[in-house]
Structure formats: C-alpha cells, structure tokens
Amino acid sequence: MFSDSEENYLKAIFHLERFSKEGVSTNAIAEQMHTKASSVTDMLKKLAEKKLVNYVKYQGVTLTNEGKKTAAKIIRKHRLWEVFLVEKLDFSWDEVHEIAEQLEHIESDVLIEKLDRHLDFPKFDPHGDPIPSNDGTFPERDKVLLSDLSIGESGVCVGVKDTSSSFLKFLDKNGIALGKKIKVIDQEEFDNSLHIQVGKELFTISHIIASNLYLKSN
C-alpha cells in the first residue's frame, strides 16, 4: 500500500526516465510535480526506504525493478479508466485525464482486471498511449510525428504527444482525431508550418501542433 502522493511521484519518475539515461534530477521531478526541490528530496528518501527508487544525494534518481512494476501498474489503471470514461460514459478525450488521476489510486486488482475484460482488453488509451499489461509490458506500435513527414506523405493519426485539454479541444475543433488520415500538402520554409488535408478539409497548422501528433505512416 502506498499513498497517493507516493504513487504520483513514481509515475512522474517513470515518465521522466524515458528522457534521461543518467537518472532523473531532483529539479526535473520538482518541475513535473509543481513543488519545491526540498519536498522532492524528502519523498525520495521515503521511496528509497521502501526500495522503490535508487537515490543518492546529488546523483540522478532511478526506479528499482519494484518501482517500475508499481509505476506501470498505476499507469495501467489510469489508462484503462480513461478508456472506460470515453467508451462507456461518453466523456470526451479532453475531459478524462483529471478524473482518471483520481481513479488510478483505487487499490482493487480484481476491479482493474474485470475492467480490462469489460473493455475487451484495449491496448491503447483514448490519446493513443499504450496500456501496459498486467505484467507491466507496454505494447509497441510504429509511429512518427506529423512534423517528420515530407510533402506528399500521409498517415493515420494514432496518438498525441500533448494531452492537455486546450490541445485536444483544438484538435476536435479542426476534426483531427485518432483514426483520421492526414496528408501533408505543403510546408512553409519560414516557420515550418504545414498545409495539411484531413478528410476533405484543407488547412494550415503550426510546427508545434505537427510535432505533437503521432501518425502511423502509410
């Protein structure tokens, strides 16, 4: 049994570890958790005592095998709840993150396994993020950023890098969703903005938007 705060830290470190080969810095965790470095240090000591992280002062923090297993379990619950909220309760994909943040702390393993079965064992959440299996294995899928496609290339939207409500609402406003085919029509040399085609619609998006959309290329 872990506190909600401990679970949130484990999840944050798990995500940050993907971008750091030398371990995650205390400052990076503080920024992710919107707290002070001193508070992070206190929490890391607690997690280290529970053998969930490898922590040495002034060195990068890494998750132990048990820490990774626990973090994957939390992520699994979060993403399964997001699928449930969208598919069964008709929430939109920009509404579910905050609710799933609360639901992910429910401890019942039996509930989560029944939820997984009820949803027919989904592999990806409503944002295209992989849902780890019960043993912590993440499904893989080939994908590229829209910003990396060349003029004339196209692909099907399979995920988003930015899951903020404002970004998802922008996508909804412009008819961009998972499963939609997107084709690069042209690119502006000045700012790398893209002219794209989604269905029959033609419009222009910024490089920032393009670099936050994952596609499975054709």
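**Close-ups of a predicted model**

**View 1. Ser147 and the residues it touches.** In this predicted model, Ser147 makes contact with Leu194, His207, Ala210 and Ser211, leaving aside residues up to four places away in sequence. You'll find Ser147 in the loop that links strand E3 (144–145) to strand E4 (154–160). Ser147 counts as buried because its relative accessible area is 15%, and the cut-off for buried is under 20%.

**View 2. The largest nonpolar core.** This core has 20 residues, and those touching the most other members are Leu146, Leu171, Ile176, Ile182, Ile196, Ile205 and Leu213.

**View 3. Ile182 and its contacts.** Zoom in on Ile182, one of the core residues that touch the most other members. Skipping residues up to four places away in sequence, Ile182 touches Leu146, Glu153, Ser154, Gly155, Cys157, Ile176, Ile196, Gln197, Val198 and Leu215.

**View 4. Strand E8 and its partners.** E8 pairs with E3 in the antiparallel sense, over two bridges. Look for Leu145 here, standing opposite Tyr214 of E8. E8 also pairs with E4, again antiparallel, over five bridges. On that side, Cys157 has Leu215 in E8 as its bridge partner. Both Cys157 and Leu215 are also on the list of residues touched by Ile182.

Note on methods:
Residues are numbered from 1 along each chain as its sequence is written. This is a predicted model: local features need pLDDT of at least 70, side-chain atom pairs count only at pLDDT 80 or more; totals for chains, interfaces and linings use all residues. Side-chain values use heavy atoms; hydrogens and water are left out. Helices (H or I, at least four residues) and strands (E, at least two) are DSSP runs, numbered from the N terminus. Buried means under 20% relative accessible area, exposed over 50%, partly exposed in between (1.4 Å probe, protein chains only). Contact means heavy atoms within 4.5 Å. A nonpolar core is a set of buried Ala, Val, Leu, Ile, Met, Phe, Trp, Tyr and Cys residues joined through side-chain atoms within 4.5 Å. Two strands pair if DSSP finds at least two bridges between them.
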